[in-house]
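Welcome! Please take a moment to look over the structure below, and then read on for a short tour.

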Amino acid sequence: MIREKGIVSSMELLDVEKIRADFPALHQQVHGRPLVYLDNAATTQKPLAVLEALQNYYRRDNANVHRGLHTLAERATEGFEKARETVARFINAPQSREVIFTRGTTESLNMLAHSYGHSFLKDDDEVIVSEMEHHSNIVPWFLLRDRIKIKVRFWPVEKDGRLGLEKLRKLISPRTRLISVSHMSNVLGTHNPLREIVKIAHEHGIHVSVDGAQSVPSMPVDVRELGCDFLAFSAHKMGGPTGIGALWGKAELLNKMTPYMGGGEMIAHVTTSGASWAEIPHKFEAGTPNIAGAIGFGAAVRYIEGIGMSKIHDYEQALTAALLEKMHTVEGLTIYGPLQNRGPAVSFKLEGVHPFDLTQFLDQLGIAIRVGHHCAEPLMNALGVSATTRVSLYYYNTPDETDYFVDALKRARDFF
Ligand code: 7TS
């Protein structure tokens with residue numbers, strides 16, 4: 001009944017059929033069946049507005065940014081910088097120059113580890129990451145550990161797939177400088193209590209960096225309200241192109257950080273004896289950037305804003321609750337992670353069916369899901385598994401699709 005009510009009210013929130021008409025890739029057949037795309041935590045499909053923005057840039061405005069005085073260069077620069085303003089507005093950043101365009105979350109976190117590490121960390125300082133992090137929020141800190149003798153301390157995940165604040169308090173030491181944590185787990189869907197984490201951290205003078213790869217696409221994320229110091233995210237998980245994303249950071253911190261890469265565009269002056277840096281954000285954007293990507297990113301944000309992020313979030317929450325309820329009717333199915341306070345990525349195990357076999361079976365029915373360790377091996381170890389099957393929703397998915405998926409799970413269970 002809850003499910004019915006949730007779906008009915010959520011269907012009133014969004015005109016999903018109208019939205020789906022904007023996504024060409026959703027309207028195709030796979031193995032003779034209509035595609036049911038449920039691998040959105042890996043990447044999302046792109047609306048026409050984004051495809052057109054990419055095309056328009058290359059067809060009409062293609063030029064390098066910040067360098068030329070000719071008309072095309074001005075158009076390209078304007079489009080690129082407008083995209084920065086759009087992305088900044090989307091996360092409520094106080095200033096658009098605090099948004100650095102990167103290749104995506106992975107590059108944002110590598111940049112952070114390199115530049116923050118270089119400027120703020122010394123031997124024996126400690127960085128806390130959670131056990132549920134994606135490898136891109138673990139390995140850059142390991143790489144830094146090879147340069148500066150920092151300690152990377154792991155905040156263990158509770159059995160129910162949440163992070164307990166008591167354990168965080170115990171992990172904090174006088175040498176803790178940074179807590180780097182995901183807002184939403186790409187495996188368990190857990191929403192982590194960022195406001196509380198930031199409060200505890202700041203009481204101890206510790207900075208907080210947030211991996212928003214999964215949260216920024218599916219819930220309102222307001223950096224001023226969260227109070228965090230850095231936020232990393234990717235365009236391709238929110239309808240934007242691949243190869244573009246952002247690192248947001250507080251200007252006062254970014255200003256003190258050394259650049260990640262050297263080259264064109266990031267300098268003030270270069271002499272034969274040295275160089276001085278440009279102001280943020282350019283200090284962190286060496287070389288010709290992904291101009292079309294940034295413009296496409298801006299278009300993706302505007303598309304989401306046109307629907308409304310709160311509506312998207314409410315719809316996804318209702319769709320996820322209904323999906324979980326339906327999945328509970330499948331005999332032999334175990335869902336990992338919390339049942340509430342969670343986002344639309346759901347990892348599970350179907351008794352007696354190998355996750356890889358299940359994924360292939362579903363592909364034959366036109367259903368796209370993901371199997372593997374999801375780039376979160378420490379979490380897999382904590383769960384005591386080597387891989388999970390994961391279904392992940394986006395706002396263009398429908399209750400009919402989740403019904404079809406759950407029926408397919410039942411067919412798989414009977415088949416194997
Ligand atoms: N952090 C989280 C929480 C993620 O889910 C991902 C990608 C990343 C970082 C890295 O983002 P990228 O855009 O730089 O690759 N997650 C996944 C996934 O779950 N399946 O494929 C990619």
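This is a predicted model: local features need pLDDT of at least 70, side-chain atom pairs count only at pLDDT 80 or more; totals for chains, interfaces and linings use all residues.

## Where the domains meet

How much area do domain 1 and domain 2 bury between them? The figure is about 2,500 Å², and 61% of it falls on carbon and sulfur atoms. On the domain 1 side, Met309, Leu379 and Tyr394 stand out, supplying 24% of the area that domain 1 buries against domain 2, more than any other three residues.

## How the chain is divided

Stepping back, domain 1 is made up of residues 5–30 together with 308–415, while domain 2 covers 50–305. The contact draws on 36 residues of domain 1 and 31 residues of domain 2. Taken over C-alpha atoms, the centres of domain 1 and domain 2 are 28 Å apart.

## Around the ligand

Now for the ligand. It is surrounded by 15 residues, and the closest are Thr106, Asp211, His236, Arg370 and Arg390. Sorted by class, this shell holds eight polar, four charged and three nonpolar residues.

The side chain of Lys237 has an N or O atom 3.0 Å from a nitrogen atom of the ligand, and that of Asn186 has one 2.8 Å from a ligand oxygen. As for cover, the ligand taken alone exposes 490 Å², of which the protein buries 87%.

Notes: Residues are numbered from 1 along each chain as its sequence is written. Side-chain values use heavy atoms; hydrogens and water are left out. A residue is near a molecule or strand if one of its heavy atoms lies within 4 Å of it. A polar contact is a pair of N or O atoms within 3.5 Å; within protein, one must be able to donate a hydrogen and the other to accept it, and residues adjacent in sequence count only if both atoms are side-chain atoms. Accessible areas come from the Shrake-Rupley method with a 1.4 Å probe; for residues, only the protein chains shown count as cover. Ala, Val, Leu, Ile, Met, Phe, Trp, Tyr, Cys and Pro count as nonpolar, Asp, Glu, Lys and Arg as charged, and the others, Gly among them, as polar. Domain bounds come from an automatic or database domain assignment. Contact means heavy atoms within 4.5 Å. Buried area is the accessible area (1.4 Å probe) that two parts lose on being put together, summed over both.
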